[in-house]
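Student: Could you take me through one part of this model in detail? I would like a close look at the salt bridges and at what they connect.

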Amino acid sequence: MEARHLADIRAGTLDEVRRAGSGYRIGDTLVLTAGHTVTDDDGSPLERIEVRLGHPAHAAPSRVRARRVWSAIDGRDIALLRIEPRPGDPPLPDYADPPVPWGRLSGSRRVTYTGLGFPTFAAYEEDGRVV
């Protein structure tokens, strides 16, 4: 996993953030995340989604708007977001890596893995506020 492809996702209404979660950039403009990160308590999509690309330990995250373009309908907690920079937004960090590998585990052997995320959301906010 590359820390620069980590995504800090904030979703809510135009007035407030209601959900925060992690995601991972899997292409130039696509971010994979948990479905509950971008839906309200009743499962309806939240109207505003902001994605912060990258991890603050490496560089200042790039903030961009996004929209949900797919969610699993079979009970799996998965959503796909499309990053949609607006005119005047800074350019997105380059996504020049090889594609993210996909696969399916089988068997019962233990598998090592690396996990990235934001367990203490908003701790790195510029103004120190917790959202």
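Tutor: Happy to! Start with D40, which forms a salt bridge with R18, their closest N and O atoms lying 2.7 Å apart. Keep in mind that this is a predicted model. D40 sits in the loop between β3 (30-33) and β4 (48-53), while R18 belongs to strand β2 (residues 17-25), so this pair ties together parts 22 residues apart in sequence. With a relative accessibility of 37%, R18 counts as partly exposed.

Now look at R19 and D41, which also form a salt bridge, with 2.4 Å between the closest N and O atoms. Here, too, distant parts of the chain are linked: R19 is in strand β2 and D41 in the loop between β3 and β4, 22 residues apart. D41 is exposed, because its relative accessible area is 70% and the cut-off for that class is over 50%.

Another pair to inspect is R67 with E84, whose side chains meet in a salt bridge at 2.4 Å, N to O. R67 lies in strand β5 (residues 62-71) and E84 in the segment after β6 (79-83), so the bridge links distant parts of the chain, 17 residues apart. R67 is partly exposed at 41% relative accessibility, and E84 is partly exposed at 31%.

Terms used: Residues numbered from 1 in each chain as written. Predicted model: local features only at pLDDT ≥ 70, side-chain atom pairs only at ≥ 80, totals over all residues. Heavy atoms only, no water. Salt bridge = Lys/Arg side-chain N within 4 Å of Asp/Glu carboxyl O. Helix = DSSP H or I, 4+ residues; strand = E, 2+ residues; numbered from the N terminus. Buried < 20%, exposed > 50% of the residue type's maximum accessible area, 1.4 Å probe, protein only.
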